[in-house]
Each structure stands twice: as C-alpha cells, then as structure tokens.
Amino acid sequence: MTRRSSGITLQQLHYFIEVAAEGSITAAADMLYVAQPTMSVAMKDLETRVGRALLVRSARGITLTTDGAEFLGYARQVVEQVALLEQRYLGRPPSRRLLGVSTQHYSFAVDAFVRMVKGTEGAEYEFSLRETRTWDIIEDVRTLRSELGILYRNDFNRNVIDKLLRDSGLAFRPLFVAEPHIFISRKNPLASRGRVTLADLADLPRLTFDQGANNSFYLAEEILSTLSSKREIRVSDRATIFNLMIGLDGYTISTGIISDDLDPEIVSVPLDVDERIEIGWIGHSAIPLTEQAQRYLAEVRAVVAGFGVALLG
C-alpha cells in the first residue's frame, strides 16, 4: 500500500483496538454493534490512510503485522488521552478501564493486581489476570491477548528466553533480583530454620508447575530444574501447590515474596544456593504501555518494595 491520505478518525481507532483485542473483524463488529461489512471497510480505509498493512487476514482470524502492533500502541494512547480530555472538560465519567496481564505463579503479582483494581477509578472495567505457563505468557503478549507478562530469567535460561522474546518482537524489562527461597507449610519441620540446603530437601516432594507440551528445562518456572529429585509432583495452579505443601510437606523454589493475607499457611525460607532469580515484565518492543498497565507495574513495585527487596530500573 503506497497511497496515503489524511484524516484518521477516532472511530477507526476504536474499531482497530477492538479488532486487535478480539482477533476477528466479525467478533469486533458484534461487540460494538456494528455491521461486519462496515467494520471491514473501516479497517481497509484505515490501512489506506496510514499507507501500511496493519492486519493479516486469514481463515483463522486477524493478527497484527509488525506495523499494526506498533500502531496499536499509539492508538491506545490517543483513545486514552481523548477519554481524559472528555472526563476533565466535558464532565464525562471515567472511561472503561482495560488491561490483560499474564504471569507465572507469583502471589506478589496477584497482590498488585488486587491493589490496582481497588484503586481504579470509574464504575466500569474489564481486566484479566492469567496465571499460566511460560510459553503461554510469551504467546499471550505476542498476540496482544495480554498487554504485559511477568516471568523470571537467570543465567541458565537467559539465552533461550531472550531469543524467544526477540523472535516475538518482545523485550524483557527487569523489576528486581530475588534470592531463592523455598515455599513450605508453616507446619513443615523446616519452617523454623533460618536457611535450608538442597540436602535438607532430598526426601521432600518437589512441587513444580507443569509446562505442558513445552516442558523444557529452559521454560521451567523454578530454578535448578535440571537437578534430579526422588519425589516430583507437577501441578497446574497455585491453590493445588499450596495444598500439597500442607498435605504432603512438599516444597517449591521461588522468590521468597509471599503475602500473608493471600497465603497465610505458607512461609518462605532462604535456600543456600549460588543462584539468583531476576523477575521482570515483558511487552512489545515498539508499543508503549497504556496508563492502566503502568498503574499495575507501579503496584507490583510497591508490593515488592514492601518486602524490603531492592527494585531495578
């Protein structure tokens, strides 16, 4: 597409944002109560006006081109700013808040999400929080199902994670570096220890989060994934892993940051290993974060800082 004309409309931006979110022109049209042909024409006209292909159309739906992903970031900012202007000068109520977050299984990520929702202005919002597998986090952010993801990397998986992110047009931004801890039940005999070693854990069930078809050591949610364990149990969610910590005296390795309000029966104990866990957020390299996403990250930083952990960046 080479012909360029002026006059992108706010309506076209709204349409484009919905098409990207739904992954379908038909679904976006239904959501906005617009005829499908009208939506399709609006998208083609938008591409003509900007002089670039923004959407890839296929039988499976709509995906964004590289230019489309970048354009989406700016479109979101424009729509947000217009909503703020209308709220400030026309007395309009705060606009409907939108945000999708995908994360590995961290209680601080949930705690921050709770704080963000409680602090959100306006009577309407549509948020999603997905605790999921490492591969799915990257896919969620790549396809814009989620605006940002929370995951870890260390010296072992860094090269693999960074390559996956580069190939997906994503970037990793560090939040903090944590000393490894084990999470165990308050009733576990190791709970009173000031520090534990790998030898102390040899006879306990090791609990890890299942990574499904992409169950590579490099995509494991826990460090030291290549070390063998006599007793290994894989689970899919935090509620189950906590129940197994209580019922079987099992353990998992994580950051040591755990909320007493959300997880009162679980404690963390430092693990004596020469490893560090770098936690960060991932997002599209060319797409600036929305105001709501920035609010969420601000809450993540506040929660982590409350545990005395030094923040990065």
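This is a predicted model: local features need pLDDT of at least 70, side-chain atom pairs count only at pLDDT 80 or more; totals for chains, interfaces and linings use all residues.
Helices (H or I, at least four residues) and strands (E, at least two) are DSSP runs, numbered from the N terminus.

View 1. Residues are numbered from 1 along each chain as its sequence is written, and side-chain values use heavy atoms, with hydrogens and water left out. The C-alpha atoms fill a box of roughly 70 × 40 × 35 Å along the principal axes. Of the 313 residues, 48% count as buried (under 20% relative accessible area, with exposed over 50% and partly exposed in between; 1.4 Å probe, protein chains only).

**View 2. Helix 9, residues 291-305.** Look for Gln292, Ala293, Tyr296, Leu297, Val300, Val303 and Val304, which are buried. Seen down the axis, the buried residues of helix 9 fall within an arc of 140° (taken from the directions from the helix axis to the C-beta atoms), so they line one face of the helix.

**View 3. Ala310, in the segment after helix 9.** Ala310 is exposed, with a relative accessible area of 59%. Not counting residues up to four places away in sequence, Ala310 touches Phe176 and Val177 (contact means heavy atoms within 4.5 Å). Ile182 is 128 residues from Ala310 in sequence and 20 Å from Ala310 in space, C-alpha to C-alpha.

Notes:
The expected span of a helix is 1.5 Å times one less than its number of residues.
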